[in-house]
Amino acid sequence: MARAVTPARKTVNTAAAWIVALIIFFPILWTILTSFKPEPVAVASPPVFLNFDWSFDNYRTVIQQRGYGQFFWNSVVIAFGSTILGMIIAIPAAWAMAFVHGPRTKDLLMWMLSTKMMPAAGVLVPIYLIAVYFKMLDTQILLTVVLMLMNLPIIIWMLYTYFREIPVDILEAARMDGATLFNEIVYVLTPMAVPGIASTLLLNVILAWNESFWTLNLTAFNAAPLTKFIAGFSSPQGLFYAKLSAASVMAFLPILILGWFSQKQLVRGLTFGAVK
Amino acid sequence: MGKISLQKVEKRFGDVSVIPPLDLEVEDGEFVVFVGPSGCGKSTLLRLIAGLEDTTSGKIFIDGADATQLAPAKRGLAMVFQSYALYPHMTVRKNIAFPLKMAGVPQAEIEEKVDYAARVLNLSNYLDRRPGQLSGGQRQRVAIGRAIVRSPSAFLFDEPLSNLDAALRVNMRLEITELHQNLKTTMIYVTHDQVEAMTMADKIVVLQAGVVEQVGSPLELYHRPRNIFVAGFIGSPKMNFIEGAEAAKQDAKTIGIRPEHVTISKDSGAWKGTVTVSEHLGSDTFLHVETDLGLMTVRSGGDVDVHHGDTVWLTPEADKLHRFDDKGLRIA
Amino acid sequence: MATQASRSAARLMISPSVILLFLWMAVPLGMVIYYSFRRYRLLNPDRAGWAGWSNYSNFVFSPDFGGALVNTLILVLGVLLLTVILGILIALLIDQPIWGQGPVRILVISPFFIMPPVSALVWKNMFFNPSNGLFGELFKYLGMPPYDFLGQAPLASIVTIVAWEWLPFATLILLTALQSLDGEQLEAAEMDGAPPLKRFFYIVLPHMSRAITVVVLIQTIFLLGIFGEILVTTSGGPGTASTTLPFLIFKKALLDFDVGTAAAGGIVAVILANIVAIFLMKAIGKNLD
């Protein structure tokens, strides 16, 4: 396809692509716009696009009256906590499977992935009862552990596919060069694995941040993250479009920005290397 | 210092015998080439010597000491990989310095040795670049540099030139040969390319299916191949083989004659044939001739005026005929 | 690197993951199986005991089950169809030489990063709301009577929301696959006289088939578990019009507090998911070595 296209053709394509992209992005854009509107403008008919008094009042209100900070902090703790905990457990496993490829490695990986197939709804009852039994319901620890376990297969798989791409030759060269296992890990493996580790971290933080089965069902208030915070706006009495929008923006913006940075890694990460 | 000897070394992967028990001596300072078709076990043999694979049985001695159980780094050998295996996140300088750093050599000495290696290999201007910014030939030299600084008792090369283009390959071939002449260190070199083997080696080890078919100097292998396999593998274009009545006349199952040992004539000779293809290289002419005995390749002078469809007569030089018995072995 | 020492080190490094995942799978599954044969109502704990298959029959023969199964199928298939077809079209469009491909990609991928409750609420209130949602305004502008999307077409509305969430994923993967297509293949086909539409069906589509399979299978796993979107938009209603299998289990467990029946439902869901899983494993497994 490396052929010159006519400028006219390119212009038409560009216009079409941008229109489609803006349509897809529009709900997000509209939410951002609405978050800066006074409440009456937010529900005005016909709708107002840009011509209104922009203000941060909604953000202020949401932060001050709805306890945004607490939810945000819970999201941070749960998303990062579960991912980092998962990485600590997964890195040795993925490393071992990638570089000491035994006859059963493939079966083991498949089995790990199969645990991911278990529908959350199917095991809701026992997890809930275990949480009640240990008096862990609505705690950060519970959510961190549950989301860690939920994402562990994905973390292992992603790391495995990244580690597999590090040529074995290089590790052998390091061993010929006299590197001990420790040196091999510190000087050769880690620097080469860092990009893969970083994108695994990023993608799983995103997944954990947006997870909305366990976070909605296992929390009430104390450990409730932003998913719960937003779901709280579904009750009719709490419904103010502008404030809902401000809360929404504050819930998705950090992760949206992280997501933009990770989009290159997203495809191979989420398809376990099946599509690159 | 770099005498390596293998005694009854064997390698199996499960039930599959990759290398049946094998003996081999590599003398100090020798340039030894393992050559054979792909899958013949030559790389495995090299990795056994390097210590990257465990031997199933047998012993490996390096400078007289039993090294069979030694870790790769403790064997005093340096290896250059087919993929170069450079550390992509380190600069050229750090790549070359890495084995010294691992050995705990003082910083000043490291710098001195790296600078020396860089000078020898024409890499001085690239020391602060990363492997990704280098050409294939430069990467190759960095890999060699990383091997040189360790002052190993022997260098191991695993198909080091196969990722380079043809012109560069010829250059690097020369450079490695020169390096050997300067350093006078033992080198073991694995390749599937018999031209590399012929041009570089003091001693060639021809392998097939893990079995040593013949060990000898390039010219020994060329003039006195021990069997049909070696005769066909060494030399380019390949030796012509003839079976049947013509071979029986020579009391052999098979006779072989190299393309360069056949004279061609337009009016008379031993075998009559028709030219199918003539390749004029300027210096030489390769003729493919369809004869009653089968398709024969003939190497002739550059100015031979023979073309497709011409009828020609071929005559082998009698003293250059190779005779093989029904087991494929050379008849002396 | 296959020496004995590294083998045993490897086993040591893998075991924490294996043990944790085994517990995570086996313990809840064991409990679900146990409860699925028990009479167990959180509100009525005295009436405990073995229930035989009655929980299963209660769940499977309840009027809600059939509907939930159908709703789940509609949701999954609807979203798959929309995302794959639109995804292919958008990927083809973005793959053309255009100005600003980077920003376009970023805009298109964005919905994927929005948490489900946010997407659901934004769509529910600011688009689907019959009185002051944008679609309502559009209908008013066109002179049509207001339409209560979530009330009158709850499942279709949810399909729309979920499809919007997953369209970026499909598009991005299909685009990646498209970009890995060897341009010379297309040029060869062009030389062979294949017009654009034929080139698409004979070259491009087969090339993307693997990516499409991956999209379908991975999305299916996630779509079978769709929960947050339903909870905040319709809560499964009106009636049971938008109740899916996961949502039905949730209702039995945490709204009716009927653990036994919910557990039986869980087993049913696990079995259904495993049928899908087998296909996924095969597709991904092929790619391992």
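Helices (H or I, at least four residues) and strands (E, at least two) are taken as DSSP runs and numbered from the N terminus. The structure is a predicted model, in which local features need pLDDT of at least 70 and side-chain atom pairs count only at pLDDT 80 or more, whereas totals for chains, interfaces and linings use all residues. Residues are numbered from 1 along each chain as its sequence is written, and chains are lettered from A and ligands numbered from 1 in the order in which they are written.

In chain A, an unreviewed UniProt entry lists residues 12-33, 71-96, 108-134, 140-163, 184-209 and 240-261 under "transmembrane region"; UniProt positions are given in the numbering used here, feature names are shortened, and annotations may be inferred rather than shown by experiment. Residues 12-33 of chain A are 100% helix and 0% strand, with end C-alpha atoms 28 Å apart. The span 71-96 of chain A is likewise 100% helix and 0% strand, and 37 Å separates its end C-alpha atoms.

Between chains A and C, 88 residues of chain A meet 87 residues of chain C. Helix α1 (residues 7-35) of chain A gives the most to the side of chain A that touches chain C, contributing 16 residues. By class, that side of chain A holds 68 nonpolar, 17 polar and three charged residues, where Ala, Val, Leu, Ile, Met, Phe, Trp, Tyr, Cys and Pro count as nonpolar, Asp, Glu, Lys and Arg as charged, and the others, Gly among them, as polar.

The contact between chains A and B takes 14 residues from chain A and 16 residues from chain B. On the side of chain A, the elements that give two or more residues are α8 (168-176) and α9 (181-210), and α8(A) gives the most, with six residues. This side of chain A has eight nonpolar, two polar and four charged residues.

Chain B is divided into domain 1 (4-231) and domain 2 (239-324), with bounds that come from an automatic or database domain assignment. The C-alpha centres of the two domains of chain B lie 38 Å apart, and four residues of domain 1 are in contact with six residues of domain 2. The residues on the domain 1 side comprise three nonpolar, one polar and no charged. For residues 4-234 of chain B, the unreviewed UniProt entry lists "domain: ABC transporter"; this span is 36% helix and 26% strand.

Within chain B, four strands form an open antiparallel sheet in the order β2-β1-β4-β5, two strands being paired if DSSP finds at least two bridges between them. Strands β2 (16-26) and β5 (65-66) of chain B stand at the edges, each with a single partner strand, so one side of each lacks a neighbour in the sheet. Seven bridges join β1 (residues 4-13) of chain B to β2(B), and Lys11(B) has Ile19(B) as its bridge partner in β2(B).

A further open antiparallel sheet of chain B has three strands in the order β11-β12-β18. Its edges are formed by β11 (240-243) and β18 (322-324) of chain B, each with a single partner strand, so one side of each is left without a neighbour in the sheet. Strand β12 (residues 254-257) of chain B pairs with β18(B) in the antiparallel sense over three bridges, and Ile255(B) stands opposite Arg323(B) in β18(B).

Terms used
Two residues are in contact if their C-beta atoms, placed from the backbone, lie within 7 Å.
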